Amino acid sequence: MPNVHGKNITPANALRRGSAVLVKNTAGRLYIGEVLDILKKIDKRYASIDESTDGTGIVYLSLQVYLPLGHENSEVSNCT
């Protein structure tokens with residue numbers, strides 16, 4: 001998976017199922033999301049893993065992505 005290795009995934013800040021991530025799309029919009037699953041290539045097969053401490057071998061991330069952060073057309077409702 002492009003651009004995952006070296007993106008602040010460390011043993012102290014592991015990528016885990018259920019953790020929150022920031023995602024930037026090709027248009028430059030920033031989203032917040034939740035990691036649902038991580039697939040890694042192990043030998044000649046793919047496996048679902050609970051966490052990655054370095055991003056090596058990750059081939060797929062399943063994310064639940066929420067509204068873009070700071071989007072100019074976004075409306076925030078006042079929930080009081």
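Me: How many salt bridges does the structure hold?

Reply: A salt bridge is called when a side-chain nitrogen of Lys or Arg lies within 4 Å of a carboxyl oxygen of Asp or Glu. In this predicted model, the structure holds 3 salt bridges. One of them joins the side chains of Glu-51 and Arg-16, at 2.8 Å from N to O; because Glu-51 belongs to strand E5 (residues 51-52) and Arg-16 to strand E1 (residues 15-16), this pair ties together parts that are 35 residues apart in sequence.

Me: Which residues do salt bridges with shared partners join into one network?

Reply: Here one follows the partners from pair to pair. The side chain of Asp-37 meets that of Arg-17 at 3.5 Å, N to O, and since Asp-37 lies in strand E3 while Arg-17 lies in the loop between E1 and strand E2 (20-24), parts that are 20 residues apart in sequence are tied together. Asp-50 also forms a salt bridge with Arg-17, with the closest N and O atoms 3.3 Å apart; Asp-50 sits in the loop between E4 and E5, so in this case the parts tied together are 33 residues apart in sequence. Through these shared partners, Arg-17, Asp-37 and Asp-50 form one network.

Me: Is Asp-50 buried or exposed?

Reply: Relative accessible area over 50% counts as exposed, so Asp-50, at 55%, is exposed. Asp-37, at 23% relative accessibility, counts as partly exposed, as does Arg-17 at 38%.

Me: Which residues make up the largest nonpolar core?

Reply: In soluble globular proteins, nonpolar side chains tend to be buried together. The largest nonpolar core here has 8 residues, namely Ile-9, Leu-15, Val-21, Val-35, Ile-38, Ile-49, Ile-58 and Leu-61, and E3 and strand E6 (58-69) each supply at least two residues of this core. Leaving aside neighbours within four places in sequence, the contacts of Leu-15 include Ile-9, Val-21, Val-35 and Ile-38, but also Asp-50 and Glu-51.

Me: Where is Asp-43 found, and what is its phi?

Reply: Most residues other than glycine have a negative phi, and most peptide bonds are trans. Asp-43 has a phi near 55°, a positive value in a residue other than glycine. Asp-43 is found in the loop between E3 and strand E4 (45-49), and, at 73% relative accessibility, Asp-43 counts as exposed.

Notes: Residues numbered from 1 in each chain as written. Predicted model: local features only at pLDDT ≥ 70, side-chain atom pairs only at ≥ 80, totals over all residues. Heavy atoms only, no water. Core = buried A, V, L, I, M, F, W, Y, C linked by side-chain atoms within 4.5 Å. Buried < 20%, exposed > 50% of the residue type's maximum accessible area, 1.4 Å probe, protein only. Helix = DSSP H or I, 4+ residues; strand = E, 2+ residues; numbered from the N terminus. Contact = heavy atoms within 4.5 Å.
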